[in-house]
Amino acid sequence: MERRDFLKQATLLSIGGILIPSTFLTSCRKETLLEDVKYEGKVLIIGAGAAGLYAAYILKSKGINFQILEASSNYGGRLGKLDTFANFPIDLGAQWLHGKNSILGDLITKSNTKTTVDESVTKYWFNNQLVTTLPKNIDIFNGENLPDISYSEYALQKGLGKEYKYIIENIAGDQGASASRLSVFGNNQEEENWSSGDDDFKFQETFYDLIDQEIAGLVKDKIVLNTIVSKIDYSQAEIILTDSTNNYFKADKVIITVPIPILKSGDIEFTPPLPKEKITAFSKIGMDAGMKVFLKFNTKFYAQNIVGGAICAAYADESIGKAQNDNVLLAFVMGEQAEYLTALGNNDAITKALLQELDTMYNGQASASYISSHVQNWTTNPFIKGAYSYSKIGIGDARKIACQSINQKVYFAGEAMNTNGHHQTVHGAVETGYREVINLLNDIQK
Amino acid sequence: MNKIRILYFLLLNCISVSGQELKIEASYEYLYADQWDKAIQTYNFSRPFEKEKQPLLSNGINTSISYIFKNEKHFKHGINFAYSFFHSAAGNENFNNNLNLHFVNLGYFIHYENAEKWKGFYSDLIFSGTSSVLLRNVNGAPYRYDNIIAKAFGVGGTVRLKLGYYSTWKNNRCFSPFIAFAYTPYLYAPNNERIINQTKGLTSKNWTGIGMVQIGLTFHLRKQE
């Protein structure tokens, strides 16, 4: 064979050999999960928080009939916005995006949403003075062979005495818990799959705006507000939901996205009752009290972060990352501290207690420059009842059991149902939203 | 050009001293990795805001160099170094997402040819260690979080069976078209889902099996008898 002939044949064979099998093989593989699944039934989503809204968004993209039932008078769940308090908008709920390697990180890039890494500097209230460093290392809650005991107990074991109590309370507060209730082992184990990154981002506008504009805006016509679902009867082929005013809603599938305290406290009655192991699993997932108090001053006398207060273990300069710079200090109060402040009974008393603490730290400057406050107490919201879920001592696989669907009809989403390390977060809630739609469609395919 | 001549001379010299044949390959490679498929499929499912879907990581190119030692008449053995590249790109408004997957294989192989029975055909059975790195590129820049370029490494082992056909040898050189099938039963790549779908443990396992099909052309350079 002549070289020219050989090369010609080899080229033709190669092109044919490449194109034909690759085209055939590639066409056998679908680019999108559950691409061909069609569903004519109706899906009801309970709760218009991040998980419910995202589940709805996915259902809409798949052309599936759905409706969202929301108990409160607005959507967003533990996201909220206040425009009138300062010369910049304030997030009343979730405000930090924890790591950008997430679906919301992609959405931020796509929507050109302005965010900045929160690199604020911390001062510690330690032994009755503000200091920039602590004598002992407090980074003790990560690693191997950690015990299933509370943060406060473990800190004592590691030689962090009573003087570190509220420093540790702040670390636990980041997880939405009291240091006496959060499990060292459980929290560490649950976060093993954390994959979104360690930087915390603040929004120039608000977190709420991102969810509102990019997700909720696409499904808001399907949200029925002020609808408190009190009963779910899934004993028949058709699921019947009853609200607090005895209105009925019918569906073929239900996705429940309500916060874990709503499930724990039995605010929704299930027929037949939920399996015992699921109820036990709910009880193992913690959710403590939580509130955000915004304090407005006429001078900026405070540090960017103040950690270790006995009334509030974490204060943060709210203006960081914002386009304007009104002097707003956020008191981020979690766990037992939030319970204490809630028990004071009214917002004035809460504000007074916080101002007193800041006065102690800053020689009376807080009261002297105080203008106004806004208290957002998530604990007293009857449809939320707390901050966000945390790993109680003995949590084990509770989240995995809690999020399992029932009879291929009832599905569970929401940040507390996130089993891949992103519980407590908005992006974690979003992940459960699409995860449950995948589970639902998989069940249909079966 | 002089550099190429010098390199060529060095290679010839190298073969004449200790080896028998040098093979340089270029090929198209088709990849199937079920767990990475799941991660990309989930990515596409979960992001309706991306109109153009992310293609699966399936089409790539491979290049390799093999060195056959002096050995028995029909059975020979040698070492092989291979590099593969797979690419997946989806262009969307404000969001161009690319996945770049690189493989490096370093292996040992057994070469069989029998001019009397097999005519011009030959086969290679290659056992290699495989390492991979998956990178993401968003809007033309390497994807970063926590100020570090995001990457996911993988490590495993691959067995590859290759069948080729020699064209006419001329001055101890020839080309051979070939087809190869490769199987990686276990590639430990715990962070690939983190790069593809920005999750870990949600869509897929931390390892995957991989099947590959290769079609290409080999250039053979054999020692002067």
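Me: What is the order of the strands in the open sheet of five strands in chain A?

Reply: Welcome! This is a predicted model, in which local features need pLDDT of at least 70, side-chain atom pairs count only at pLDDT 80 or more, and totals for chains, interfaces and linings use all residues. Residues are numbered from 1 along each chain as its sequence is written, while chains are lettered from A and ligands numbered from 1 in the order in which they are written. Strands (E, at least two residues) and helices (H or I, at least four) are DSSP runs numbered from the N terminus, and two strands pair if DSSP finds at least two bridges between them. With parallel pairing, the order is β10-β2-β1-β14-β23.

Me: Which strands of that sheet stand at the edges?

Reply: An edge strand here has a single partner strand, so one side of it is left without a neighbour in the sheet. In chain A, that describes β10 (223-224) and β23 (410-412).

Me: Is α2(A) parallel or oblique to α14(A)?

Reply: The two helices pack at an angle of about 40 degrees, with axes 7 Å apart; axes are lines fitted to C-alpha atoms over the stretch in contact, and angles run from 0 to 180 degrees between N-to-C directions. Angles under 35 degrees count as roughly parallel, over 145 as roughly antiparallel, 65 to 115 as roughly perpendicular and the rest as oblique. That makes α2(A), relative to α14(A), oblique.

Me: Which element gives the largest share of the side of chain A that touches chain B?

Reply: In all, 43 residues of chain A are in contact with 35 residues of chain B, where contact means C-beta atoms, placed from the backbone, within 7 Å. Elements giving two or more residues to chain A's side are α1 (3-27), α2 (50-61), α3 (103-111) and α14 (426-445). The largest share, 10 residues, comes from α1(A).

Me: In chain B, how many bridges join β3(B) to β4?

Reply: Strand β3 (residues 75-92) of chain B is also joined to β2 (residues 59-69), antiparallel, by nine bridges. With β4 (residues 95-113), β3(B) again runs antiparallel, and F75(B) stands opposite Y112(B). The number of bridges joining β3(B) to β4 is 18.

Definitions and conventions. Two residues are in contact if their C-beta atoms, placed from the backbone, lie within 7 Å.
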